[in-house]
Amino acid sequence: MYPAQVGYYRPDSVEEALDFLDSNEGKVLAGGQSLIPMLKLRILKPKYLVDIGDLKELSFIREGEVASIGATTRHSELASRKVPGLEIVQETASKVGDIQVRNMGTVGGSLGNADPSADYPALFTALDATMVIRSKKGTREVKAGDFFKGAFTTALEPSDILEQIKVPTYKGYRQAYRKVVRRAGDFALVGLALLLKMEAGEVKDVRISFTGVGERPHRPLEAENALKDTKLTDGDVSRAMELAVKGVNPPSDSRGSSSYRREVMKRLLKNTLEEMRGAS
Amino acid sequence: MSYAGKSVKRLYDDKFVTGRSTYVDDIKVNSLYATFVRSNVAHGVIKRMHKEDALKMRGVVAVFTGEELNQLIKGGIGPWTTYIDPRPWKIPLWRFAQGETKYNGEPVAMVVAQDKYTARDAAETVNVDIEPLEAVIDMEEAKKDKVLVHKELGTNLGYVGDFNAGDAEKALSNADRRVEVEIANNRLIPSPMEPRGIVSQYDGANLTIWYSTQIPHFARAEFSRIFNIPESRIRVIMPDVGGGFGSKAHILPEELAVIAASIRLGKTVRWTATRTEEMIATNSRHNVFRGEIGFKNDGTLVAIKGTLDVELGAYLTYTEGLQPTIIPPMIPGPYRVRDLAIRSRAIYTNTIPITMYRGASRPEATFIIERIMSTVADELKMDDVEVRMRNLVREDQMPYTNPFGLKYDTGDYPTLLKEGVKVLEYNKLKEWAESERKKGKKVGVGLAYYLEICGFGPYEYSETRVNEDGSVIVAIGGTPHGQGTETAIAQLVADELQIPIERIKVTWGDSEAIPAGTGTYGSRTLAIAGSAAMASSRQALEKMKRVAARSMKADVEEIEYRNGEFVHKKEGKKMSWDAVAREAYSGKEPGVSASVTLEGDVTFPYGVHVAVVEVDDYGIARVKEYRAYDDIGRVINPALAEGQVHGGGTQAVGQALYELAIINENGQLAVTYADYFVPTAVEAPRFKSYFAEKYHPSAYLTKSKGVGEASLIVGPAAIVRAIEDATGKRFNKTPVTPEDILK
């Protein structure tokens, strides 16, 4: 619980941070909710911490056809702001960790950490969001589907900074983030981001994304396709449940076994779809 | 003026709620910092230690191995002989690891440095070559004795004892029904908020030790024995202690190493466990009962036969020896069953050593007998209350000597059950749950009964000192560490001395300020330390009367004391309490203080608790409500007593649903607080707590029995029963996980 010696650099701008990262071995510190424990356990021993946590230019929520969210926006800020067409972001943010975590932790920090049980990776995968990444070389954009490479691994290079997330809005969609936890404030045993568009009793579009069931967020496109243009009957839902777990091999750990997680995935999808169907 | 019986607010809480408390890590003293290099195998031979790199680092003072430390650590950590007879035990020598390591996480080297960061950096450079040996992690495997934890013992069975009463075999064959049972509690982690810590100062002659402990005087005695230093030259000071739950009545090799290093270096050395270290400092529970029960068709339980296996971990800790000898005689509980044959075994494994934990043996015994009662009810399709009513010891049998010779002092068990069912609205809850289930909700209600043994002796010390200004210091051998017993004791003393409670200070936890003491554990403090405080206060008051008599030139019989005034009955002359106190320190009198060592023996509180559980579609269970009806003898401070019900009840939620100390195949603790789920405020149920108005007193002066552990003793059984009611499934272990529920 005593970290190794580490240098601390606090830039005044993203530009300064990028300059520093370009010539030093540093780890970007935002809200510190995952990084600090890893330092204390000496899992990580970076030479420098580059603290971007208070950079104003990275903390914003901008509405629009495509909304944008600054990387160091706190969970609590997202949780207290309703963005039209992105109600699910508010709901998800309100379910991250506990109050303390939500007050300190940032959306970009969570995405950069890419914990396989975290909430945002599944959310932004469902939303087809785009990560805007900056480095000395310039700015590049990476789709959420390509951003998460594996457990705790993303498209971010050591000298990169995640600047913002661009999110298309989903007006007219029913939206829900549902999460099964053993205990309040815990990481998801299984989490589900679900967006559903119904017209005249038929599914026009549906987006399904799970967390906690593999190294990366799981988006079962087959299940989505099978639900499109259906009336969401019980049979349609059962078919989607089976397709959602097809080829998925969730981890077995202290929170639950692989087969239990598969069962929870199915029930979570069923219950959430039924809830949305009932809401019409 | 009477304080006893009222919910007087806790007297010394300001410091805790304003961050001014002093835990052992807050002690400011110039010192060196220790840290430990730990074994990463469950069993192995320590081949070589490379400490050269560490010693070259700036700020590193020393690196010690077991060979060096054990030159000073002469005796090993042994069982608590006050309560544990060591004779039937096979006990390995337990000092700092030397030659072999016996569990993953065991300290194998110690680094002492000028600050804790340097110590940690240096520890990473100490390479220890450990050649792995075959290890035995699983208790079931250890029983086979194929792989031995301690070769010199010749077996992994540290203890085997037979607890036989009546003729279980015959009773079983005469029973209408026989059913096999298997009942288990899995491994837990005690989890006090404050991790353990120690500061050891050696000045060349005397040792002063600040220590996060529940038992400063026993610790002094153990340190004296282990280091061969007279008790007079060891002072153990217990600062504020942030919880113990029994796990801090336990001595670790790390702590002995800190003391040894301070002696060797002639300097002050300290160590505070990190959370990771606290989690491997002690584990608790893990026991399995397998056997057969016999009962009549009317629900009368007639026989219990079986084997109780209790895991020890790699060594016999100071307290774990209690379990295999207290669980069996408590298995009959409040019930009349008299034919029992229980083989009790304690088993070494290459895992983190196990200690007692809140309830220590009574939760295990209660879970076993309450599961048995519920099994009888299920088999005969009888009501849970009815089956218990049929078996409870009747009032006309009290005092009742149980089949193993334990003497249940006072109580009316059937009446309490009847009243409890009514007060807790058990039947109404059951009906409500049934109607909710019909609507598709998975809710359930569970009930369990307990009989507890507490108030353990052999004695407790108390001294009452009247100061020159008339204020009073009460020094007790009990060692409250969060319970608030000091407030209840101040209430008792204020009533005895008839002075305002604000003038009394209760103090404890310093082996030099308090000459003797046993400590706080086993729900004993209010009964035994409270009674001792009443007794020493009565004697102090007698001495005050004598001072008043001499001052008023009267015989002591002529002096009457009431409400702070000493009255000369014949002449009507009066002296105030304060004036007498001043007189006592005028140079003519010896001052006023009185001390006692009050003998005491066990007492038996009992009660019935009810849990309401809701299970969702994913098998996640939540305890929505927890209700308790207890006869704990006379209640001195209802708010404090209720606080114990809430705290124990929340830990019961943890044991029943969430907490599981998983040890992986390498013997490594595989959980952190990220997945060892200690319940938070969100998981805490709504509580309703009642105490029987017509209580049954103990033999103690306080007439109180004890309540510190009640809810953790009976809670798991009540909660598991509620899950069964909710799901229609059967569970015979803790914790019941979502996965078990969904299966």
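Two strands are taken to pair if DSSP finds at least two bridges between them, and strands (E, at least two residues) and helices (H or I, at least four) are DSSP runs numbered from the N terminus. The structure is a predicted model, in which local features need pLDDT of at least 70 and side-chain atom pairs count only at pLDDT 80 or more, whereas totals for chains, interfaces and linings use all residues. Residues are numbered from 1 along each chain as its sequence is written, chains are lettered from A in the order in which they are written, and side-chain values use heavy atoms, with hydrogens and water left out.

In chain B, F36(B) stands opposite M110(B), a residue of strand 5. Strand 1 (residues 32–38) of chain B pairs with strand 5 of chain B in the antiparallel sense, over six bridges. Strand 3 (residues 60–65) of chain B also runs antiparallel to strand 5 of chain B, to which five bridges join it, and here V63(B) stands opposite V111(B) of strand 5. In a regular strand the side chains alternate between the two faces of the sheet. Seven of the seven residues of strand 5 (residues 107–113) of chain B are buried, so this strand is largely enclosed by the rest of the structure; buried here means under 20% relative accessible area, exposed over 50%, and partly exposed in between (1.4 Å probe, protein chains only).

The contact between the two chains, for which heavy atoms must lie within 4.5 Å, takes 24 residues from chain A and 31 residues from chain B. Together the chains bury about 2,400 Å², of which 55% is on carbon and sulfur atoms; buried area is the accessible area (1.4 Å probe) that two parts lose on being put together, summed over both. Of the area that chain A buries against chain B, 35% is supplied by Y2(A), R182(A) and R183(A), more than by any other three residues.

Four salt bridges are found across the interface of chain A and chain B, a salt bridge being a side-chain nitrogen of Lys or Arg within 4 Å of a carboxyl oxygen of Asp or Glu. R267(A) and D617(B) meet through their side chains in a salt bridge, at 3.3 Å from N to O. The interface of chain A and chain B also holds 14 residue pairs in polar contact, both residues being at pLDDT 80 or more; a polar contact is a pair of N or O atoms within 3.5 Å, where within protein one must be able to donate a hydrogen and the other to accept it, and residues adjacent in sequence count only if both atoms are side-chain atoms. On the side of chain A that touches chain B, helix 11 (residues 258–278) of chain A gives the most, with seven residues. The residues of that side of chain A divide into 11 nonpolar, five polar and eight charged, with Ala, Val, Leu, Ile, Met, Phe, Trp, Tyr, Cys and Pro counted as nonpolar, Asp, Glu, Lys and Arg as charged, and the others, Gly among them, as polar.

Over all chains the count comes to 93 salt bridges. In one of them, the side chains of K143(B) and D309(B) meet at 2.7 Å from N to O. This pair links distant parts of the chain, 166 residues apart, with K143(B) in the loop between helix 5 (139–142) and strand 7 (157–165) of chain B and D309(B) in strand 14 (residues 301–313) of chain B. D309(B) counts as buried, at 1% relative accessibility. K430(B) and D725(B) likewise form a salt bridge, with their closest N and O atoms 3.5 Å apart. Because K430(B) lies in helix 14 (residues 426–438) and D725(B) in helix 19 (residues 710–727) of chain B, the pair ties together parts that are 295 residues apart in sequence. K430(B) is partly exposed at a relative accessible area of 23%, while D725(B) counts as buried at 19%.

Backbone geometry was examined as well. The peptide bond from M398(B) to P399(B) is cis, with omega near -10°, and P399(B) is placed in the loop between helix 12 (384–391) and strand 17 (400–401) of chain B. R285(B), although not a glycine, has a positive phi of about 60°; R285(B) is in strand 13 (residues 283–295) of chain B and counts as buried at 1% relative accessibility.
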